[in-house]
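Subject: A structure for you to explore

Hi there,

Here is the structure I promised to pass on to you. Please open it beside this email and have a look around before you read on.

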Amino acid sequence: AADPFPATMELVRDGILFGVAVAYLAAFSSIYVQFPGLYHAQGVTPVQLAVGQTRDATWATVLERKTLLVASTILGEHVDIVLDLVGIAGIVLSLLAILSSVFRSKFVFAALWVLYMSIYTVGGTFLHFQWDILLLDIGFLALMGAPWRLYFDSGRDYPEFFVACIRWLLFRLMFLAGVVKLTSNCPLWWGLRAMDVHYESQCIPAPLAWYAHQLPHWVQALSTVVTFFIEIALPFLFFWPIRSIRLFAAGAQVVLMVAIMLTGNYNFFNFVT
């Protein structure tokens with residue numbers, strides 16, 4: 001009998017799941033090394049203050065609080081130890097998902113989502129960024145779209161629907177990223193002067209940002225116009241019935257993201273986008 005799965009969709013889904021695993025690995029490993037300074041007892045914002053003294057905690061409390069760190073009371077361990085275990089588990093699972101497609105299953109991605117949500121919930125200011133929310137969004141889609149199997153064939157699981165959901169998420173991300181620049185009524189964006197100051201005011205400029213900052217104003221203004229075109233106009237082409245048009249729209253997004261990666265360090269946000 002003919003294979004009921006569209007081979008192309010299977011490859012696309014597996015590639016997306018691999019990318020999500022890479023993003024998870026970057027997210028967990030980068031935040032794990034910061035646990036002592038940020039969230040341990042002597043850190044800037046100890047998680048024990050966010051978790052609180054929940055003496056009568058149950059597993060229902062864990063669900064209610066949306067973080068596994070509450071389980072520290074149930075397990076009789078210090079919350080810092082549970083936090084470290086959550087981070088290590090996230091690193092190990094994401095690494096396994098990268099190394100083998102066998103581990104790109106619903107079970108693994110569900111665990112990764114729960115682990116990162118556990119950290120995000122108590123992370124406070126240091127984790128409430130656009131890329132943290134985006135990782136949880138795409139991570140949830142990953143657990144919904146990943147195959148059930150670990151070592152057995154789960155049958156038909158509709159990778160086309162998963163790819164369609166990812167396409168919709170990408171549309172929302174890019175279109176709203178462009179629209180919010182205009183709805184903010186910032187005179188720099190409306191006056192096409194935003195890129196004149198972007199490279200020196202972003203979070204962590206990359207070495208190439210210095211050279212990009214030296215470009216003349218007309219280049220900066222043109223790059224602003226191109227950014228608006230790529231973020232606001234082209235995302236509608238993601239749903240165009242002609243494949244070559246969709247590839248053009250996707251390619252433009254890749255060019256924009258590569259430019260962002262070369263001039264700024266946004267950690268796993270670079271991988272997610």
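Below is what turned up, going from the whole chain to single residues.

Please keep in mind that this is a predicted model.

**The whole chain**

The protein chain folds into 15 helices and has 0 strands. Of its 273 residues, 41% count as buried. The chain exposes about 14,700 Å², and carbon and sulfur atoms supply 71% of that area. Now take the contacts between residues at least 6 apart in sequence: 68% of them join residues at least 24 apart.

**The cores**

In soluble globular proteins, nonpolar side chains tend to be buried together. In this chain, the largest nonpolar core has 62 residues. The ones with the most contacts inside this core are Tyr-24, Tyr-39, Leu-69, Phe-109, Tyr-116, Leu-135 and Phe-268. Helix 1, which covers residues 7-32, supplies the largest share of the core, with 10 residues.

Which residues does Tyr-24 touch, once its neighbours within four places in sequence are left aside? Its contacts are Ser-94, Phe-109, Leu-112, Trp-113, Tyr-116, Leu-135 and Gly-139.

The largest pocket has a volume of about 1,000 Å³, and 32 residues line it. Val-12, Ile-16, Ile-166, Leu-170 and Ala-250 are the lining residues that lie nearest its centre. By class, this lining has 23 nonpolar, 6 polar and 3 charged residues. Which helix gives the most to the lining of the largest pocket? That is helix 14, with 9 residues. Helix 1, helix 8 (130-145), helix 9 (159-183), helix 14 (243-263) and helix 15 (268-272) each supply at least two residues.

The second largest pocket has a volume of about 860 Å³ and a lining of 31 residues. Nearest its centre you will find Lys-181, His-198, Glu-231, Ile-260 and Tyr-266. Its lining divides into 20 nonpolar, 9 polar and 2 charged residues. Helix 13 gives the most here, with 7 residues. Helix 8, helix 9, helix 11 (194-201), helix 13 (217-233) and helix 14 each supply at least two residues of this lining.

Is Ala-249 buried or exposed? Ala-249 has 0% relative accessibility, so it counts as buried, the cut-off being under 20%. This residue lies in helix 14. Setting aside neighbours within four places in sequence, Ala-249 is in contact with Leu-234, Leu-237 and Phe-238. Ala-249 and Ile-230 are 19 residues apart in sequence, and their C-alpha atoms are 7.8 Å apart in space.

The other two are about backbone angles. Most residues other than glycine have a negative phi. Asn-185, however, has a positive phi, near 60°. You can find Asn-185 in the loop between helix 9 and helix 10 (187-190), where it is exposed, with a relative accessible area of 57%.

Leu-192 also has a positive phi near 60° and is a residue other than glycine. Leu-192 sits in the loop between helix 10 and helix 11.

Happy exploring, and write back with any questions!

Best wishes

Note on methods
Residues are numbered from 1 along each chain as its sequence is written. This is a predicted model: local features need pLDDT of at least 70, side-chain atom pairs count only at pLDDT 80 or more; totals for chains, interfaces and linings use all residues. Side-chain values use heavy atoms; hydrogens and water are left out. Helices (H or I, at least four residues) and strands (E, at least two) are DSSP runs, numbered from the N terminus. Buried means under 20% relative accessible area, exposed over 50%, partly exposed in between (1.4 Å probe, protein chains only). Contact means heavy atoms within 4.5 Å. Accessible areas come from the Shrake-Rupley method with a 1.4 Å probe; for residues, only the protein chains shown count as cover. A nonpolar core is a set of buried Ala, Val, Leu, Ile, Met, Phe, Trp, Tyr and Cys residues joined through side-chain atoms within 4.5 Å. On a 1 Å grid over the protein atoms alone, a cavity is a set of points where a 1.4 Å probe fits but cannot get out, and a pocket is an open set with protein on both sides within 12 Å along at least five of seven lines; lining residues have an atom within 4 Å of a point. Grid points are joined across faces, edges and corners, and a volume is the space filled by probe spheres set on the points. Ala, Val, Leu, Ile, Met, Phe, Trp, Tyr, Cys and Pro count as nonpolar, Asp, Glu, Lys and Arg as charged, and the others, Gly among them, as polar.
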